[in-house]
Each structure stands twice: as C-alpha cells, then as structure tokens.
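Work through the exercises below with the sequence and the structure at hand. Each task is followed by a solution in steps.

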Amino acid sequence: MDTTTIIYLTFILLLSIFLGFELIAKVPSTLHTPLMSGSNAISGITLLGALTLTGSEGNDGLALILGVAAVTFAMINVVGGYLVTDRMLEMFKKKEGSK
Amino acid sequence: MNTSLIINLTYIFSAFLFILGLKKLGSPATARKGNLLSSVGMLTAILVTLISKDIVSFKWIMLGMGLGTIIGIAGARLISMTSMPEMVAVLNGFGGIASLFVGWAAYLGNPQLNTFSATTIIISILIGGITFTGSFIAWAKLKEVMTGKPIMFPGQQVVNSLIILGVIAASVLFIRDPNAGLHFLWIVIGVSFLLGVMVVIPIGGADMPVVISLLNSYSGIAACAAGFVMQNNLLIVAGSLVGASGIILTNIMCKAMNRSLSNVLFSGFGSGSSAGSEIEGEAKPINVEDTFMILEAASTVCVVPGYGMAVAQAQHTVRELAEQLEENGCEVKFAIHPVAGRMPGHMNVLLAEANVPYEQLFEMDDVNPIMESVDVCMVIGANDVVNPAAREDEKSPIYGMPVINVDKAQTVIVLKRSLGTGFAGIQNPLFFKDNTRMLLGDAKGSVQGLVAEFKN
C-alpha cells in the first residue's frame, strides 16, 4: 500500500468518525436500543471484504474456509440486525392514534 | 465504464444511504424508514460487490450468504423482546468474528505484506477477537448461563497486563516480518480471544449497558480495520460510523452512572466489598387490595420500570394497569432511567412492545423536578436506579449516581420479589422510608391482581 492510499483512507476515517459523532449525539434515549441494533447491522459491512476474499481466484484450504465462515457470520449480522431493528421500530410506530 | 468505477460510485451511494438512515433513526417517527434506507444501502453495496472482477467463483459465496440469511431471519423472528440484549450481544460477536476471519484470510491469500498492511491485519484480528469472545461472555452473563456477578481473582490486573504485553510483543514480531510470522499470528488470535474473556468477566450484570455499547463500538472499529486491510472505503465509512455511535452510547451510559469507563471496566463493581451504611428501620409490606385503594385515589401515578419487569415479563400487564388508571381519570407517566435494564433503551423497547405510547415515556431529568407533585410512584423491578443512597449516603458505592427521586413522591409502592438487596448488592434505604410500601411477590402476578381489582 503506498503512502497516498494510506493518507486518503485516513482522511475518510477521520471525517466519518466526526460525522458519526454528530449524527448519533442527537438520538433520544427512547431509540437507543434500535440505534444499537441498527448500527450493529451496518457493522456487518465486513461482508463486502469477506465476499471479495472468498470469491477471488486460487483460494483453497484454510483461506477458503475462513472466507465462507466470514461471509456466513457477517450475513447473520446484517440480516438479523436489520430485521430485528425493523421489528422493534414497527412497535414504536404503530401506536400513534390507534392501539 | 469499467466495473471498478461503477463499484466505487455505488459505494458512495451506499454511504449516503447509511448516513441518511442513521440521521432518520434520530426520531421515533422516521426511525423505521431510516433503518429501511440503511438496509437498501447495504443491499446495493452487496450486489455491486458481486460484479467485481476479483470474484470468479460464486459457489462458496452463495453457500455462506444463504446460510447466514436463513440463520439471520430465524434469529430475528424467533427472539423475544425481553431477550433483546442477548440478541444484540450475539450479533456484535458475529460481526467481530467476521472481521477477524477477513483479516486472517487476507493474510493467507497474500503473506507478502508491508508494515502498514500487516498492522491493519493485526488490528482487525485483535479487535475482532476481543469483540467475539467478549460478546459471548456478555451473552452468557445476560442469559444467566454464568454468574452475573463480577468474577475477580487475586493478581487479575497482573495477569491482564501480562496478556496485553504478550499481545503487543507478538504483534510487533509479526509486523516486522509478516511473511515468516504465521505462528505469531496464531498467538495474536489466541490472545485476542483470551483478552475478550478477561475484559468482560470482571463486569457486573448491572453494568451490562456499558459493555454492550462498548462491544458495539468495537464491532464497528473491527469493520473499519478490515476496511484498511481490503482498502475498501465503504468499510471504513460504515465501520467508523458504528464505532462512533457505540462510543457515544458508552459515554452516555457512564455519565448516567456517574462513573468513568475505566471504573466500569476494571473495578469489579458490586463484588461485595462495601455495601454502604447499614439501615435501621423496618420495611412496611402492603397487599394488593390496599395498593388498589391507594391507586384508585391517586390522580397522578408515575411508573418506574427496571430489569425486574423484564424478568417477570410484566410489561403487558403493566400497560393494562396504566390503561385502567387512565380510565379512572388518573394521569400516568413512565419514568425511565438511562441505565435501567441490561442495555441502553431496554425499557423503552419493552414498553413499546406492550403498546405504551412513547409520549408517556419520560426521561429521568424530566420527571425528577415534578416528583413532589406525584401521588403514587410505582417502582417495578427497579432497585439501584431509584436508590436514594446515591444522594444521601456518602459511603454507598453508588453515591453521586443520578437516580430517579421516587422517594419524593407522596407514596412509593415497590414491587419486588423479595426483600434482598439488588443486583449490585447495595442496601436501598428507599425500602425503609415512611412513605414506602413493599408489594412483595412476582411483579406480573401483583399487577394482574391490581388490574383485576380495577375491573371489579
């Protein structure tokens, strides 16, 4: 990895961290659990890395097993995280007006 | 257009959706849409990654994705709302182990690494491993498979320091010569698992909200490190958004307990060394009939739920009681302490499940100023978060923690299983106050009894 790439990636890292702080600081405590499970689902983004590794050429043995395991776990994280968050938020939503 | 450009442009779009989604999660009215936007962002990112030139074989990918999807759907559908803290812990753990595997597999695929890449792989593996085992210990504590009390042993700090020194040494040796360093990588993996266990065992059940938020943050940081390994912008953006959100929640939880993060992590809080001053006096029990009389005469009632309500699965009956009270012309408020329950916002989720309108839910700071005008305060399965010793007893371990001042209400009714001390083993002088009555027994049964009285 050359220095330009490192600096470029670090730039992105820095800005995203600040953005994250700004976005989350305003979330009311009522929504802390869905926020946590929702952001947890986003952290399953590792899936993209796992996909590239598993699908690349000449993969065998341990590397392949690790790749498939990573895809599986990340996928559980993503699918489970989003669905369970949706299930929670549905409850938060439906009682305005009607019971 | 070449595929790499298409992929990167789509990643920008996904990042935009993640950010927009998180922003919309900030209000109950738009939260569900926010989550949907974020999941669309994820889906597009996954689909576009699959068109990448690097991916030549789909057989194994499909196996993993299919398996993960099935398990994910089943888990999300079957889990009960009271078990949500366990679910979040497990999902965190899976995110962590995925990052560990990505780092490891990336090394096996190309062991000729420069120093920077080797460092990112080590970070990805280390944080991923800590997140994985840490989350499972947290899960076991929440599930009460293992004791919720802090596990301490003599020389724990020394052992932990040695482990940390060991992991640093192995990391440095690996980074100096990654090509020949597979055995150092094994050591880092093993030690990261061990470290995750060691970090979480000394933390008590009542401090779980902090741990869960912190592990949530770690899972983000691990994804971020994996992003550096794969040189993937979107992993870095999404990972650091999650990392930042976890850290903010951790900070909010610590503030709500008036303790520093290091105090939560290392002090073994509630392991029983000091329980505060002994309390003189007698707790006054009350039965369901008399409680009903008091509630019937009340014009404002404030309900303070805690972990005990989750254990007794009493949220639905509590909502029924609130409805009966309102029909009786009484104003009902729910006061929720930031660290009530086992994860941030735990009580809010349970009450939302039971259809309590979120307009009725109040935060501690909104309720405390008006507490003196409340006729009856019903404490359901909460203990430490309503303990007046936090204000009055300088010897109490929780002295200085902000609490809901239920003792300032005209009458306090405490629903509790028995007269024992709470999770942290701290004496609660609330139970011995003149205006406190103890309604002992299973919370759900007691509340059901009250509902039945109202219906008669």
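**Exercise 1.** In which strand of chain B does B:Val379 lie?

Solution. The model is a predicted one. Step one: strand E4 of chain B covers residues 376-380, and B:Val379 lies in this strand. Step two: decide on its burial. A residue is called buried when 20 or more other C-beta atoms lie within 10 Å of its own. B:Val379 counts as buried because it has 31 C-beta neighbours inside 10 Å. Step three: look at the surroundings. Apart from neighbours within four places in sequence, B:Val379 is in contact with B:Val304, B:Val386, B:Val406, B:Val412, B:Val414 and B:Leu415. The C-alpha atom of B:Val379 is also 8.4 Å from that of B:Cys302, although 77 residues separate the two along the chain.

**Exercise 2.** Which residues of the largest nonpolar core touch the most other members?

Solution. Step one: the core holds 190 residues, and those touching the most other members are A:Ala70, B:Phe101, B:Val304, B:Val379 and B:Ile380. Step two: ask where the core residues come from. Helix H4 of chain A, residues 61-94, gives the most, with 19 residues. Domain 1 (79-266) and domain 2 (288-455) of chain B each supply at least three residues. Step three: take one of the listed residues. Neighbours within four places aside, the contacts of B:Val304 include B:Ala335, B:Cys377, B:Met378, B:Val379 and B:Ile380.

**Exercise 3.** Which residues of H1(A) are buried, and why do they line one face of the helix?

Solution. Step one: check the helix length. Helix H1 of chain A (residues 3-24) has 22 residues, which at 1.5 Å a residue should span 32 Å; its end C-alpha atoms are 32 Å apart, so the two values agree. Step two: list the buried residues, which are A:Leu9, A:Ser16, A:Ile17, A:Gly20, A:Leu23 and A:Ile24. Step three: look down the axis of H1(A). The buried residues fall within an arc of 135 degrees, so they line one face of the helix. An α-helix has 3.6 residues a turn, so residues three or four places apart point the same way. Step four: turn to the other side of H1(A), where the exposed residues include A:Thr3, A:Ile7, A:Phe11, A:Phe18 and A:Glu22. Step five: find the packing partners. The buried residues of H1(A) pack against helices H1 (3-24), H8 and H9 of chain B.

**Exercise 4.** How many residues does the contact take from chain B and from chain A?

Solution. Step one: 98 residues come from chain B and 78 residues from chain A. Step two: on the side of chain B that touches chain A, H4(B) provides the largest share, 17 residues. Step three: sorted by class, this side of chain B has 60 nonpolar, 33 polar and five charged residues. Step four: describe the partner. Chain A has four helices and zero strands, and 62% of its 99 residues count as buried.

**Exercise 5.** How far apart do the C-alpha centres of domain 1 and domain 2 of chain B lie?

Solution. Step one: the domain assignment places domain 1 of chain B at 79-266 and domain 2 at 288-455. Step two: their C-alpha centres lie 36 Å apart. Step three: in the contact between them, 20 residues of domain 1 of chain B meet 17 residues of domain 2 of chain B. Step four: on the domain 1 side, helices H4 (84-109), H8 (208-230) and H9 (233-256) of chain B each supply at least two residues. By class, that side has 14 nonpolar, six polar and no charged residues.

How values were computed
Residues numbered from 1 in each chain as written. Chains lettered and ligands numbered in written order. Predicted model: local features only at pLDDT ≥ 70, side-chain atom pairs only at ≥ 80, totals over all residues. Domains from an automatic or database assignment. Contact = placed C-beta atoms within 7 Å. Nonpolar A, V, L, I, M, F, W, Y, C, P; charged D, E, K, R; others polar. Buried ≥ 20, exposed ≤ 12 C-beta atoms within 10 Å, placed from the backbone. Expected span 1.5 Å × (residues − 1). Arc of directions from axis to C-beta. Core = buried A, V, L, I, M, F, W, Y, C linked by C-beta atoms within 7 Å.
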